[in-house]
Amino acid sequence: TFKGFNETLEAFARQNSITRSEADTAQAVLGLMARKPENGGAPELRISVTAQDSKLYLGPIALLTLEPVAWPESLRIP
């Protein structure tokens with residue numbers, strides 16, 4: 001469950017991670033997908049948040065391009 005998506009998109013736009021137009025579009029689309037909780041409060045999305053192929057996705061929506069991660073050579077994954 002994802003709350004605060006409008007505020008998150010605003011922060012991305014302020015930092016120029018996404019354009020104002022992209023933030024507005026994402027807010028509109030995600031707003032249509034969101035549900036009001038029965039007990040009140042901010043709208044909620046029941047959606048996956050993933051990082052794939054250098055992009056951050058909210059469900060099927062590619063929101064922004066991520067910077068490459070420089071993993072330390074000493075990192076070992078069992």
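Reader: In what order do the three strands form the open sheet?
Author: The order is β3-β4-β5, with antiparallel pairing. The model is predicted: local features need pLDDT of at least 70, side-chain atom pairs count only at pLDDT 80 or more, and totals for chains, interfaces and linings use all residues. Residues are numbered from 1 along each chain as its sequence is written, and side-chain values use heavy atoms, without hydrogens and water. Strands are DSSP runs (E, at least two residues), helices too (H or I, at least four), numbered from the N terminus. Two strands pair if DSSP finds at least two bridges between them.
Reader: Which strands stand at the edges?
Author: β3 (49-52) and β5 (61-65). Each has a single partner strand, so one side of each lacks a neighbour in the sheet.
Reader: How many bridges between β4 and β5?
Author: Four, with β4 spanning residues 55-58. Leu58 stands opposite Ile61 in β5.
Reader: Switching to helices. At what angle do α1 and α2 pack?
Author: About 170°, axes 9 Å apart, for α1 (residues 5-14) and α2 (residues 20-33). Axes are lines fitted to C-alpha atoms over the stretch in contact, and angles run from 0 to 180 degrees between N-to-C directions. The two are therefore roughly antiparallel (over 145 degrees).
Reader: Which residues of α1 are buried?
Author: Phe5, Leu9 and Ala13. Buried means under 20% relative accessible area, exposed over 50% (1.4 Å probe, protein chains only).
Reader: And which exposed residues sit on the face turned away?
Author: That face of α1 carries Glu7 and Arg14.

Key. Parallel < 35°, antiparallel > 145°, perpendicular 65-115°, else oblique.
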